[in-house]
Amino acid sequence: MNSKGADNKDVFLLGISAFFHDSASALIKNGKIAAASQEERFSRVKNDSSFPSSAINYCLEEERIDVSDLNAIVYYDNPYRTLERIISSHLTVAPEGSNLWKNVIEEWVNTKLRIPEIIRRSLNYDGDIYFVEHHISHAASAFFPSPFNDAAILTIDGVGEWATSCICHGHHNTIEIVKQLEYPDSLGLLYSAFTYFCGFKVNDGEYKLMGLAPYGRPVYVDTIKDNLIDIKDDGSIKLNMKFFGYMKDLSMINASFDELFGGGPRKRENPITQREMDIARSIQAVTEEIVLKMANYAHDVVGSKYLCLAGGVALNCVANGRLLRESKFEDIWIQPAAGDAGGALGAALYLYHTLFDAQRVPDDQGIPLQAGSYFGPRYSDDEAKSCLDTYGFKYERVNGEERSKILAKALAAGKVVGHFSGRMEFGPRALGSRSILGDPRDEMMQSKLNLKIKFRESFRPFAPTVLIEDAGEYFDSSHESPYMLLIANVRQDRCLYPHGETDVIKRVNQKRSDIPAVTHVDYSARIQTIDRRFNPVYYDIIKRFKELTGCSVVVNTSFNVRDEPIVCQPYDAVRCFMNTDMDVLAIEDFIVYKSDQDPLLLKEDTMETYLKADGAESKNGRKIGKASTRLFSKHLLKIKQNIDESPIDLSFEHNSTQSNWRDNRNEQYHWLFNFNGSNKSAEVEEILSFWDHYDSNDREIFKPLLKSLIKLEKSVDIDRALTHRRVSEEMYVMF
Amino acid sequence: MQDTWTNSHRTDTTYHPLIGWLYVPNQFKRMPDPTQPYYIRTNNQGFRSNFDFNKESQGKKRIIFLGDSFTAGDGVANEGRFSDLVMDSIENLECYNFGLTASGTDQQVLIYEHIAKQFDHDIIFLGFSLHDITRLGPELTWRAHRVRHEFVVLPKPYFYENAGELKVGNIPAPRHRTLRGPVQNNTGGVINLAKRLYELSGHSSGDVGRWMRESQSYFSEVLLSYRTFSEYGRYYNKTDKNWHLMERIIKRLVEDSDNKPIILFPIPEVRALSSAFRGEYQSLFERLQNEFENVIFLDIAEYVKDYPRRDRHNMMSVSTLHFTKLGNIIASNAIRQCLINNGLV
């Protein structure tokens, strides 16, 4: 059967994010989100930054179309402006930084300099390819699905092209950047530096650092503010680069940073000490202060009552909770796929509204555009049954009503349930479709889930899902939180106040409320409110659980184990189920009890064996390595001698009165990739036309370097080892 | 930069106790073939078809297609397969496609015995790659694990001879799947060899796969046939154990057919098609044709002789090693002509 989904009148746009972290694809149809997914769910490589071939295949499949049906493909970043920032960064620190340069050039020659070529060759696509400014992609992902017609938009991440944070104004179908902070002054990079220092993986462990914070005391706040960062009243920041290594080396921090905190970073295998807890608490406090100040400044400069948020830092739900309670805004909306994955969605939405001058898409019979964020693949009962039969699972088949009754009963009996139903979530949170569920009243549930099922750090809290209409009965906020992005406190009348305990495990196991499994040590909870309109299957389970127990809350944690992406298809779920201590698996209409199964079933297929599969070496590495050394010594150092000053100012002065926000430099945020690659000089001109940090005379100086870089790119074939490289765990991917 | 690991996220087969595996029923999915992606659908009976099969005849003549991935249609959408093209080209004809990817002739015959035979039919068609002669054992090393990129070894039913009798082993088929080492790209060795020659011919960079597809050179055909060429030895040697077993399996189908016409359609690799060479295997199938009145040997290599060389070359896809759209069209023409010439339609 050929594609049948396309009607000539339909407008299909495919958004892509790739080659930094968490690559993804999103398909919009006439402005509505038809499909979206991260590549990691298919490749099973956490935070996969590869070209998202599988995610794209899924998106097209969802609408039964082919690439020829697409009106355009859009990439979520302007690689040429990013190249300007990267070269400028190296220019600033040269002659240091040659190792980092080599690494960066290898990646750029293989991927980021040839994005249209990769898209065309991977997909056999000959239509239009656009690219959209990185922070506009984030901003669009937050504004267009939001319920607001006019809003300030705050985007905060590690870095885009130059911008590390942006204040934008969204009005009806337009978005414009009002202010921006620029590299290297980045709240996202600051937070990632502390993530690394506390022994967690950069690009992945930031939320662990946030979870650790309530165990600590904010004793390092002054150390951070006195040495590492200058915070203005308007929320703009300046980092003291004396303490950070990321401009010169493959490291977030340097020895001065270690010295400041009385020793080196925690090694991952070492236990977490009070120092890490205190550092986590301190950087969290600083982050909240900055985010709150930025938001209030955004309120003042944009003049809107509402705020939209995106960018990786918008996943900091503790800061979000404070924004909701303490900022000047009446209401806020946060894109659940706030990181780079959401950039694929935002780029497509922005292009739709800009290129086609399309009007905002109204709610569909009361269902908003984001619609619970269930935009991933669905698997049929036939597919679920086929998987269970293939491996010889014993199961029972039940219908919807019976299903929710059985699962509610199992939860009430203290069982841990793996729940797989309907379309997979888009974004980092499991929202009931691919979730592990438990009884929140069980005081041992947090430790049990952490140690026996998730195989992860015991301190990490679990989130509750609560029926939306009952949220106020359990938490001090009844604000809708469908995407688990807001923190609320457990109501005081439900809390118990045990005496202080220094041992983390003991503190985790202390009963703090009548829903202890989801009450963090500071009595907060990262809540998900469930609305039946978005996920009736999940809602009905909790409703039944309430009928049985009187409690309308369940524990909801993502269906995966440590270091594994959330499960996607039935096989992923049964493998995870058999390799953990889960008791019951509900996979579509099939109920599987662990006690009925052969305990050896799928035991050999563990995550460890999966991770071994990755290990491709770069085939062009030696050639590019030699060439990049030449580029550094022959071109970059020469430019350094001939250019007056770098656009990156590394001076650091505390308590200066000058704001670090910059006015927007550009009026256009999307472009067509329009050169065919046959003329190197034209390509150099094209790249330089995007550069906005040098005057035209200075730009001339870069031509020989760019020409050599393009020549190098043309001399090597695309290297699959680099288009499929795993994302770094030590270094934020910013180059 | 052909990404051989990009596969569908949907598992395509499920366990079957008598056949080993069948397609997952009622599935719709996009196959991300790097050169020509396509959609496929399976029906309620677990076969690639856009409609469910009816047991009773609908007043039309019906052909049952048995075979491997060539018959099932790997590489093209359901409606692009030769079975469906034949159905579309002849009035009052139904074609039920029971082809199964990665199956051996033993499983294809078992599909007839256990499943297809229950459906009214007038003609039987058995279309398979010559490569299938290597698939007659108790297990099959098949495609890569979705994540781990290792070959998966699947147990399957198989025929064996015991005191002169043909017996079936591995029934019910064992479920256990094992992994057997990392997969090389299925054209990897060929591509690597091609790359070396590509460089020697003065190219410094570029897409070797595309060059191979487009060059239509004798050289690229030789490279493509390299993978399967060694298996032809099985057919050259008339006393080979595997051919003997394959012959007995086909005869079992003939005996079970109630004297209905059976068209045998062995499919050689690209070089045989492209150069229209005559191999020893043809005489083996002619022998079967001569032995049984209801057996018709349709020799695709002979049929394509009159087509331009370019078309013959383009019948097979470099990336899937199966018939392209054009290959299916040419095959359907051959089948149509065979049906007409033999007075079957």
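Visitor: Which residues is A:V74 in contact with, leaving aside its neighbours within four places in sequence?

Guide: Leaving those neighbours aside, A:V74 is in contact with A:L13, A:G15, A:Y130, A:F131, A:V132, A:A347, A:A348 and A:L351. Two residues are in contact if their C-beta atoms, placed from the backbone, lie within 7 Å.

Visitor: Hi, and what am I looking at?

Guide: This is a predicted model, where local features need pLDDT of at least 70, side-chain atom pairs count only at pLDDT 80 or more, and totals for chains, interfaces and linings use all residues. Residues are numbered from 1 along each chain as its sequence is written, while chains are lettered from A and ligands numbered from 1 in the order in which they are written. The model scores ipTM 0.90 and pTM 0.93.

Visitor: What is the mean pLDDT of chain B?

Guide: The mean is 85, and 78% of the residues of chain B reach 70 or more; pLDDT is the predictor's confidence in each residue, from 0 to 100. Over residues 1-5 of chain B the pLDDT is below 50.

Visitor: Back to cores. Which residues touch the most other members of the largest nonpolar core?

Guide: A:V74, A:L307 and A:A348 do, in a core of 207 residues. A nonpolar core is a set of buried Ala, Val, Leu, Ile, Met, Phe, Trp, Tyr and Cys residues joined through C-beta atoms within 7 Å. Buried means that 20 or more other C-beta atoms lie within 10 Å of a residue's own, exposed means 12 or fewer, and partly exposed is in between, with C-beta atoms placed from the backbone.

Visitor: Which helix gives the most to this core?

Guide: Helix α11 (residues 274-302) of chain A, with 12 residues. Helices (H or I, at least four residues) are DSSP runs, numbered from the N terminus.

Visitor: How is chain A divided?

Guide: Chain A has domain 1 (181-334) and domain 2 (381-610), with bounds from an automatic or database domain assignment. Their centres, taken over C-alpha atoms, are separated by 29 Å. The contact takes 13 residues from domain 1 of chain A and 18 residues from domain 2 of chain A.

Visitor: New topic: in helix α23 of chain A, which residues are buried?

Guide: In α23 (residues 680-689), A:E683, A:V684 and A:I687 are buried. They sit on the same side of α23(A), because they cover an arc of only 100° around the axis, counted from the directions from the helix axis to the C-beta atoms.

Visitor: And what is exposed on the other side?

Guide: A:S681, A:A682 and A:S689 are exposed there.

Methods: Helix = DSSP H or I, 4+ residues; strand = E, 2+ residues; numbered from the N terminus.
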